[in-house]
Amino acid sequence: MPTVPLKLPYNPALDGLRAVAIVLVMLSHAHVPLFGGAFFGVDLFFVLSGYLITSLLLIEVGNTERIDFWRFYRRRFFRLMPALLAFLAVYCLVAPLLWPDEPDWYMDALVSALYLADYGIAFFDLPNSLLHMWSLSVEEHFYLVWPLVLLVLVRRTPRGQIWCRIFGLFLLAWAWRVYWVAQDQAFYEIFFRFDTRATGLLAGSLLAALVIERPAWFERARQNVHHGLWLVLLVPVLMALDWDNMQVMTWAMTVVELAAVIVLVAVLPRQGLVYDMLNQPLLIKLGQLSYGVYLWHYPVYRALRAHMDWPAVVLLGSAISIGLAALSFNTVERWARTQRDRAPQRGLQHTSA
C-alpha cells in the first residue's frame, strides 16, 4: 500500500454532498409529493461515511501497521454521542406534551441511545416515534465491526488487493439483501437492518481502497468519470419509487450507491463542475450542520405534519430544525469536539469525519 499523508485533507464538496443528502431526507419526511423515494438520501450518507472512515483506517494501517481501536472509538463517541444524548433528553421532556397518548417515549429514547433502532424497528416496532434513529444505528454497527474486519483483511491480503476483498464483501452484502427479498420478507424488515443495508457503507469503503491503492484500471476510470455522471441523472427518476416497492432493494438502491461513488470520484480532485456545484457556502454550512439537522428534524416534522400541509412543514420545520442544529453545533458539539481532540494526535483526522 503506498505511503500517504497522515492527514486526510478537508474537502468542502463532501459537506455539500451531505447537504444534498439531508435535503432529500427532509423532503421525504415532510411527505412532499414526488419525493416519496427521497429516503435514498440516507444511502448518500452511508457511502460518504464508508469512504471517510475506511480512508482514515487504511491510512493509519498503511503508516503504522496497526489501528488504535481505543482512539477510533473514543473519537466516534465524542463525534456522535453528546449531540444524540442532548437531543434525546429534550425529546423526553417534550414528547409527553406533544404526544400524550403514546406511552413509549422513554423506551424509544433508550433504544435509540443504545443504537438498537435498526433491528428494533425491523422486528419489534421500537422506537415507535423516532423512526429516523435506524440509520444512526446502522452506521454505529459498522463502526463497531469494520475496523477489526478491515485490519484482518489488510493483514491477510496481498499488497494492493484490499479493494478486491471489499468488492467481494459488497457483492455478498447485495446478494444477502436480495436473498431476503426472494424469501418474501416484509419491506420494512429488510429496509432498516444493518446486515441488509451495509452495501452503501461498503461501496464507500471500496472507493477508499481504490483511491489509496490506485490500480491502473481505476486511474483510467477516474480520467473518464464524466461519462459516469449520466448515471447520476437517473437518481431523480428513482424518487418516484414508493415505500414497499421491492425494486428499491434489488437494484434502485444500488444505482444510488454507485451514483454517490461517481460523485465522490468527481469531487475528490477538488476541481470541475460537480465540485463547483457542491462547493457553495450555503451547502457547506448545511452539510456541517447535517448531523444535528438529522437528529432534530424528524420529531419537528412529525409534530407539524399533524396540523399543516407539506409546504408549511418544509418551510417552518426546516427553519426550526436548522436552528436547533445550529444551537447544538455551537454548544454541545463544540464541547464534544474539544474533548475529542484533547488526546495527543497521532496522525489521522478529517474535520467532518
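Helices here are DSSP runs of H or I with at least four residues, strands are runs of E with at least two, and both are numbered from the N terminus. By that rule the chain has 18 helices and zero strands. The model is predicted: local features need pLDDT of at least 70, side-chain atom pairs count only at pLDDT 80 or more, and totals for chains, interfaces and linings use all residues. Residues are numbered from 1 along each chain as its sequence is written, and side-chain values use heavy atoms, with hydrogens and water left out.

**Overall shape**

- A compact globule of 353 residues would have a radius of gyration near 20 Å, and the chain agrees, with 20 Å. This radius is taken over C-alpha atoms, and the globule rule is 2.2 Å times the number of residues to the power 0.38.
- Along the principal axes, the C-alpha atoms fill a box of roughly 60 × 45 × 40 Å.
- Of the 353 residues, 56% count as buried. Buried means under 20% relative accessible area, exposed means over 50%, and partly exposed lies in between (1.4 Å probe, protein chains only).
- Contact means heavy atoms within 4.5 Å. Among contacts with a separation of 6 or more, 76% join residues 24 or more positions apart.

- Helix α2 covers residues 41–64. The expected span of a helix is 1.5 Å times one less than its number of residues.
- In α2, 21 of the 24 residues are buried, so the helix is largely enclosed by the rest of the structure.
- Helix α9 covers residues 198–213; its 16 residues should span 22 Å, and its ends are 22 Å apart.
- α9 is mostly covered, with 16 of its 16 residues buried.
- Just after α9, Arg 214 has a positive phi of about 55°.

**Cavities**

- On a 1 Å grid over the protein atoms alone, a cavity is a set of points where a 1.4 Å probe fits but cannot get out; a pocket is an open set with protein on both sides within 12 Å along at least five of seven lines; lining residues have an atom within 4 Å of a point.
- Grid points are joined across faces, edges and corners, and a volume is the space filled by probe spheres set on the points.
- The structure holds two cavities of 30 Å³ or more. The largest cavity has a volume of about 360 Å³.
- Its lining has 21 residues, and Phe 45, Ser 49, Glu 139, Tyr 143 and Tyr 291 are the closest to its centre.
- Helices α2, α3 (69–98), α6 (133–155) and α16 (290–305) each give two or more residues to this lining. α2 gives the most, with seven.
- By class, the lining of the largest cavity has 13 nonpolar, four polar and four charged residues. Ala, Val, Leu, Ile, Met, Phe, Trp, Tyr, Cys and Pro count as nonpolar, Asp, Glu, Lys and Arg as charged, and the others, Gly among them, as polar.

**The largest pocket**

- The largest pocket has a volume of about 560 Å³.
- Of its 20 lining residues, Leu 17, Val 20, Val 232, Val 235 and Val 263 are the closest to its centre.
- Two or more lining residues come from each of α1 (12–29), α11 (225–232), α12 (235–238), α13 (247–267) and α14 (273–278).
- The lining of the largest pocket has 20 nonpolar residues, no polar ones and no charged ones.

**Ser 28**

- Ser 28 sits in helix α1. Its relative accessible area is 13%, so Ser 28 is buried.
- Leaving out residues up to four places away in sequence, Ser 28 touches Phe 35, Gly 36, Ala 38 and Phe 39.
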